[in-house]
Amino acid sequence: MHAVDVCVATYKRPELLAGLLDSLFRQDLDGIRMRVIVVDNDKHGSARPVVEGFQKSSPAELVYELEPLQSISLARNRALRHVQADYIAFVDDDEIVLREWLSALLETMEGHQADAVFGPVFKILPQDAPAWAKKSRAFKCYRRPTGQSLLSGGTCNALVRRIALGSPPQEFDPVFGLTGGEDSDFFFRLHLSGKKLVWCDEAMVHECIPMERLTLKWVCQRGFRGGQSFYRVFVTRYPLWKKILWLGRQGMQVICAALLLPASRLVSYRFFVAICVRLCASAGQWAVIFSNNYFREYDSRRYRED
């Protein structure tokens, strides 16, 4: 019997959280003892009624905790402090897991003697999504061969051995609390400590993409934030010679992308969006060098209801 604690951080998405919890409890849990830990990062406790509703009928233990201080890192750390099982799974509150999700992650972890395993996220777009979005890399489901080694991963679809976190256990860095990128940093540090990270292509989850994300502004903001996270997690750890090479390569990419941008708008809007995102990602990386003005994706002030 494998004991797994599933950690979910949520913020003001009760309807989506309900869909996730329903899918978690519909899994094939043969040989698995699952426990779900939900940490609500909304100080008003908007997820509490949803969790309490499932607690009355769920076939597995369901824990609710409130993290009132706005920070995705602190929310994840609070979930980790409740972990009791040998295995820790992570999934986002806006996803749906398939019936074999946990069993596939566990099978890959044991079969490859891995310390952490990651799976794909299949993004489901609205039927009336624009053509460029349907073909955009921003909404692409990345696939890899099962067992392929990785340097890092995300909490959108992951399983990690509790013992691999060490003693005292490794936590998510609070400096990423409002910007995101805390998961890439967390798992990259795990890799740097000598732990084995691999891919499991069978452990798929689904994410429904709302129409409001299918805009040039949203994908460019995500590209900018992703660029900042990449620099903070990876580039800052490069030796000096590698940073110099990186700077030169980034400079060439920016120049080429800027030259192609006007013509790309005439040729293909999808190509134009891809170049815009590439430029924003580079801008995000350069912004880290010259300022500390990070894009705060998880700042509550970005949400109108606050």
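**Reading the sheet, its helices and a cavity**

Reply: Let's start with a helix in this predicted model. Helix α6, residues 182-192, lies across β4, β6 (116-118), β8 and β9, and runs at about 40 degrees to β8.

Me: Which other helix lies across strands, and at what angle does it run to β3?

Reply: That is helix α2, residues 48-55: it lies across β2 (32-40) and β3, running at about 160 degrees to β3.

Me: How do I read the sheet, and what is the order of its strands?

Reply: The general idea is that strands of a sheet pair through backbone hydrogen bonds, either parallel or antiparallel. Here, seven strands form an open sheet with mixed pairing, in the order β3-β2-β1-β4-β8-β6-β9. At its edges are β3 (61-66) and β9 (197-199), each of which pairs on one side only. Ignoring direction, neighbouring strands are turned by 20 degrees against each other on average.

Me: In what sense do β4 and β8 pair, and over how many bridges?

Reply: Strand β4 (residues 87-91) pairs with strand β8 (residues 157-161) in the antiparallel sense, over five bridges. To find one of them, look at tyrosine 87, whose bridge partner in β8 is arginine 161.

Me: How many cavities of 30 Å³ or more are there, and which residues line the largest cavity?

Reply: There is one of 30 Å³ or more, and the largest cavity has a volume of about 30 Å³. Its lining consists of Cys7, Val8, Ala9, Val39, Ala75, Arg76, Ala79 and Phe90. β1 (2-10) and α3 (72-80) each supply at least two of the lining residues.

Terms used: Residues numbered from 1 in each chain as written. Predicted model: local features only at pLDDT ≥ 70, side-chain atom pairs only at ≥ 80, totals over all residues. Heavy atoms only, no water. Pairing = 2+ DSSP bridges. Helix = DSSP H or I, 4+ residues; strand = E, 2+ residues; numbered from the N terminus. Axes fitted to C-alpha atoms, helices over the stretch in contact; angles between N-to-C directions. Contact = heavy atoms within 4.5 Å. 1 Å grid on protein atoms, 1.4 Å probe; cavity = no way out; pocket = protein on both sides within 12 Å on 5 of 7 lines; lining within 4 Å. Points joined across faces, edges and corners; volume = space filled by probe spheres on them.
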